[in-house]
Amino acid sequence: MSGGDLLAGMQARGAETLAEGAVLLRGFAADEAPDLSRALESVLAATPFRHMLTPGGHRMSVAMSNCGRLGWVSDRRGYRYDERDPESHLPWPPMPDAFAALAARAAKAAGFPAFAPDCCLINRYHPGARLALHQDRDERDFAQPIVSVSLGLPATFLFGGLTRSEHPRRLRLEHGDVVVWGGAARLVFHGVAPLAQGEHPLTGSARINLTFRKAA
Ligand code: MD3
Ligand code: FE
């Protein structure tokens, strides 16, 4: 994709380029956050948050669930996408229309008009929860972007380079912020610093992050 296409696809207001391929849309989801939260409640009624194990046997501090045709799972056997919730053995709940529509609209605003995610990984952070620096590389096609939506308490997002040794930049992500990670930014190392205490009117003492992926 050319820079011209990227600019043509952007909204006139609110799009900020963090690095080549990484577009921050501040507050993009703020107005619809209550609708997203309601849809999320019905997903979680079917497939509640759980703390997965890393392949090394550590319990993740971030609680996770999924919706869509595929869900990201981790256990002693490794990381992978699976069509079923390993707890219930049932298919993951379908992606709510409001989720899919938001992800497509954000991707389009960042220059990816054809993004159709098949997975939404739902991450819940309580104070102290963190996500160590990692790359997302369990997906089939790295030409597909990842769209992330932040809800509730703010977090310090860590945003490194293509090697683990590159010192990460810190970026505060707030309620309603959406980031589209495509192009050269798709394989950067990233993580989340331990969440600070707080209260948010929509999510209480939690931060929720939705990451939309085209996994298959
Ligand atoms: C940059 N989640 O679920 S969202 C993850 O806030 C994950 O819960 C974080 O990293 C969270 O894998 C960060 C921002 C994000 C998500 C995916 C990315 C940034 C990314 C993939 C590639 C590059
Ligand atoms: Fe990630």
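## Residues around ligand 1

A residue is near a molecule if one of its heavy atoms lies within 4 Å of it. In this predicted model, 19 residues are around ligand 1. Asn 123, Tyr 125, His 190, Arg 207 and Arg 213 come nearest.

By class, the shell around ligand 1 holds nine nonpolar, six polar and four charged residues.

## Polar contacts and cover

Which side chains place an N or O atom beside an oxygen atom of ligand 1? Tyr 125 has a polar side-chain atom 2.6 Å from an oxygen atom of the ligand. For Arg 213, a side-chain N or O atom is 3.0 Å from a ligand oxygen, and for Asn 209 the distance is 3.3 Å.

On its own, ligand 1 has 490 Å² of accessible area, and the protein covers 98% of this.

## The pocket

Ligand 1 takes up the space of the largest pocket. The largest share, four residues, comes from β13.

The volume of the largest pocket is about 690 Å³. Its lining consists of 36 residues, and Leu 131, Ala 132, His 134, Asp 136 and His 190 are the closest to the pocket centre. Sorted by class, the lining has 17 nonpolar, ten polar and nine charged residues. The strands β6, β7, β8, β12 and β13 each supply at least two residues of this lining.

Definitions and conventions
Residues numbered from 1 in each chain as written. Chains lettered and ligands numbered in written order. Predicted model: local features only at pLDDT ≥ 70, side-chain atom pairs only at ≥ 80, totals over all residues. Heavy atoms only, no water. Polar contact = N/O pair within 3.5 Å; in protein donor to acceptor, adjacent residues only side chain to side chain. Areas by Shrake-Rupley, 256 points an atom, 1.4 Å probe, with all protein chains shown as cover. 1 Å grid on protein atoms, 1.4 Å probe; cavity = no way out; pocket = protein on both sides within 12 Å on 5 of 7 lines; lining within 4 Å. Sits in = over half its atoms within 2 Å of the grid points. Nonpolar A, V, L, I, M, F, W, Y, C, P; charged D, E, K, R; others polar. Points joined across faces, edges and corners; volume = space filled by probe spheres on them.
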